[in-house]
Amino acid sequence: MTVALTAITLREINLPLREPFTISSGTVSIRRILLLELECADGTRAWSECVADSDPNYSPETIDTCALAIREWVAPRVLGHEFAHPGDVHAALQHNFRGHNMAKAAVEMGCWALAATAQGESLAKLLGGTRKQIATGISLGIQESPAVLVEKARAALEQGYRKVKIKIRPGADLDYLQAVREALGPDAALMADANNAYSTDDFDLLAQLDELRLIMIEQPLAWDDIVQHAALQKRLSTPICLDESITDVTKAQDMITLGSGRIVNIKPGRVGGFTESKAIHDLCARHDIPVWCGGMLESGVGRAYNVALASLPNFTLPGDVSPSARYWEQDVVTPEWTMDQDGMVKVPTDAAGLGVSVDVDRIDDLAVSKQVLRS
Ligand code: OSB
Ligand code: MG
């Protein structure tokens, strides 16, 4: 299971989304994506994806800070070093090295894929995944009117999605959600995600959302807050789900201790990779806190990692792991990720590694920059 990296190639590609994606903090039309190709001493290769985007509006990291962090601090700690198990990489990236979780995760997760590939085992199995398929939700960006949103949500449920997440912000919240609830009925699996758009002045408004019987409301308050969310959760019957605030397992422990939320969205990029994701998953399982896998508009490469992670047993709620065609005209992997009519995505458990292959010629054509790091 040894991992001994000798080279990391960084490529940035720019993939246009099928439609712009708007959250409370900004709009993405063309996704800038940093892909990593990792190579081992024995010739084993694996691809991974860094989930940071152009602007620091979700977390402090961006694709440019990540490229810098990988080059300056992450790569030197792994290139030319031998790890007995991919689970050992995380500690090597934490020692006297604060933050930069998305940069660390891109390399740490790639090491898990290298180990799986070298062993002829699927990434999901190496992680301890138990599911053969995972339930899928869709994340709908903020729309120009409630009527447009209603049609998108209706279409999503017709396609089989098991959960519809609706992005909200002040001015596009209660009336938007009410319109969807009214049109789609009391049983529709709906939730809202505010991406930090509210403050302690908004508790009365947020308490009104209870009447909509949402499955959860994701990260209504500040991106790094645990304390005020606990005060808000006391006012709400709707479970709060934390996303941005849970940057490692100690934050998840704080959430549980303070009662700041009842559900966790795990994005492996946000928490520094798979080892920390598994720790959060296990902690939440012990406390009966359900988790689900979030998304960052990943290409098919990053999606492979999310699908593998979501196959762990306590991922009991549908993830933001939509099929390739929801995002892209053409994905960069073969086969593309698909979802069946019941809203399920198959976990590739037979093939070694990611379970999808990357078209290197196409990525080289798409690449706007390329850099090789060696030991
Ligand atoms: O808050 O979950 C979020 C995308 C970019 C930044 C933040 C978020 C999102 C999503 C997208 O909701 C989910 C997906 O990848 O489908
Ligand atoms: Mg979110």
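**Close-up views of a predicted model**

**View 1. Arg 213 in its loop.** Arg 213 has its place in the loop that runs between α7 and β9 (217-218). Please keep in mind, here and in the views below, that this is a predicted model. Although Arg 213 is not a glycine, its phi is positive, at about 50°. Is Arg 213 buried or exposed? With a relative accessible area of 68%, Arg 213 is exposed, because the cut-off for that word is over 50%.

View 2. Asn 195 is found in the loop between β8 (190-193) and α7 (203-208). Here, too, phi is positive in a residue that is not a glycine: the value for Asn 195 is about 45°. For context, most residues other than glycine have a negative phi. Asn 195 has 4% relative accessibility and counts as buried, since buried means under 20%. Now follow the side chain of Asn 195: one of its polar atoms lies 2.7 Å from an oxygen atom of ligand 1.

**View 3. Ligand 1 and the residues around it.** Let us turn to the ligand itself. Ligand 1 sits in the largest pocket, and 15 residues surround it. The closest of these are Ser 139, Asn 195, Lys 267, Leu 297 and Tyr 327. By residue class, the shell around ligand 1 divides into seven charged, five nonpolar and three polar residues. Which part of Lys 267 lies 2.9 Å from an oxygen atom of ligand 1? It is a polar side-chain atom of Lys 267.

**View 4. Helix α11, residue by residue.** Helix α11 spans residues 300-310 and is mostly covered, with eleven of its eleven residues buried. Reading along α11, the buried residues are Gly 300, Val 301, Gly 302, Arg 303, Ala 304, Tyr 305, Asn 306, Val 307, Ala 308, Leu 309 and Ala 310. Arg 303 and Asn 306 are among them.

**View 5. Ser 324 and its two partners.** Ser 324 belongs to helix α12 (residues 324-327). Its relative accessibility is 0%, so Ser 324 counts as buried. Which side chain does the side chain of Ser 324 meet in a polar contact at 2.7 Å? The partner is the side chain of Asp 331. The side chain of Ser 324 also reaches the backbone nitrogen of Trp 337, at 2.8 Å.

**View 6. The cis peptide bond at Pro 335.** Thr 334 and Pro 335 are joined by a cis peptide bond, with omega at about -10°. For comparison, most peptide bonds are trans. Pro 335 is placed in the loop between β13 (333-334) and β14 (344-346).

**View 7. Leu 258 in helix α9.** For a last stop, look at Leu 258, which is found in helix α9 (residues 249-258). Leu 258 has a relative accessible area of 43% and is therefore partly exposed. How far apart are the C-alpha atoms of Leu 258 and Leu 15? They are separated by 41 Å, while along the chain the two residues are 243 residues apart.

Technical notes. Residues are numbered from 1 along each chain as its sequence is written. Chains are lettered from A and ligands numbered from 1 in the order in which they are written. This is a predicted model: local features need pLDDT of at least 70, side-chain atom pairs count only at pLDDT 80 or more; totals for chains, interfaces and linings use all residues. Side-chain values use heavy atoms; hydrogens and water are left out. A residue is near a molecule or strand if one of its heavy atoms lies within 4 Å of it. A polar contact is a pair of N or O atoms within 3.5 Å; within protein, one must be able to donate a hydrogen and the other to accept it, and residues adjacent in sequence count only if both atoms are side-chain atoms. On a 1 Å grid over the protein atoms alone, a cavity is a set of points where a 1.4 Å probe fits but cannot get out, and a pocket is an open set with protein on both sides within 12 Å along at least five of seven lines; lining residues have an atom within 4 Å of a point. A molecule sits in a cavity or pocket if more than half of its atoms lie within 2 Å of its grid points. Ala, Val, Leu, Ile, Met, Phe, Trp, Tyr, Cys and Pro count as nonpolar, Asp, Glu, Lys and Arg as charged, and the others, Gly among them, as polar. Helices (H or I, at least four residues) and strands (E, at least two) are DSSP runs, numbered from the N terminus. Buried means under 20% relative accessible area, exposed over 50%, partly exposed in between (1.4 Å probe, protein chains only).
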